[in-house]
Amino acid sequence: MEEEFPDDFPIIFDTVEYFIITSDETSYTVPEQISGISSYAFYNNKQIKEVILTSPIDIYSEAFEYSGIEKIDFSKIEIIGCNAFRGCTGLNSADLSNAYLVEDSAFENCTNLRNVTFSDSVYYVGSRAFANTALTEVEIGGDWCDIGEGAFEDCKNLKKVNFNDGVAYING
């Protein structure tokens, strides 16, 4: 049962801190009042397959690292922290159309990640953010964007890269 809060109720903690499996749950719906998923909330949780987001949210460092996540509405995520989805081999696509910050190693070693859509407002793609993924094509850059060192390193299937005029800096 989802907990509901009155409109005037002060919410002190507005992040999912830890998700504890109590049954055979493979899916979790994040309540609308939540604005972030904290570091390590689903870390190494092999049972979780789907997280349903009901409002815009930030994903903090290591939140899903090495988890079994396969499906999440990436279009509702604005910030993706360091190592947030690192090693999540169940992911195959990510619509980052609302994300403006993708930190270091965010999707590193997501070996089945083939498709990523970037926002025109993305301003930073961190070092090794997509290293060792199955990406085949990348188009990135809006008004201004900084690409970290090795952001697409070891992407053996990467055939086409289009850095639009907005890419200001690529760290070598």
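Which residues of strand 12 (residues 137–140) lie on its covered face, and which on its uncovered one? V138 and I140 are on the covered side, while E137 and E139 sit on the uncovered side. In a regular strand, side chains alternate between the two faces of the sheet.

The model here is predicted, so local features need pLDDT of at least 70 and side-chain atom pairs count only at pLDDT 80 or more, while totals for chains, interfaces and linings use all residues. Residue numbers start from 1 along each chain as its sequence is written, and side-chain values use heavy atoms, with hydrogens and water left out.

Overall, the protein chain has 0 helices and 15 strands (DSSP runs numbered from the N terminus: H or I of at least four residues for helices, E of at least two for strands). Of its 172 residues, 45% are buried (under 20% relative accessible area, with exposed over 50% and partly exposed in between; 1.4 Å probe, protein chains only).

Back to strand 12: its partner strand 14 runs parallel to it, with 4 bridges between them (pairing takes at least two DSSP bridges). Across that pairing, E137 faces K160 of strand 14.

Strand 14 (residues 160–163) also holds F163, which counts as partly exposed because its relative accessibility is 33%. Together with V161 and I170, F163 makes a nonpolar surface patch with about 240 Å² of accessible area. Such areas come from the Shrake-Rupley method with a 1.4 Å probe, and for residues only the protein chains shown count as cover.

How values were computed
Patches are made of residues with over 30% relative accessible area and no salt bridge: like charges are joined within 9 Å, nonpolar side chains (Val, Leu, Ile, Met, Phe, Trp, Tyr) within 5 Å. A salt bridge is a side-chain nitrogen of Lys or Arg within 4 Å of a carboxyl oxygen of Asp or Glu.
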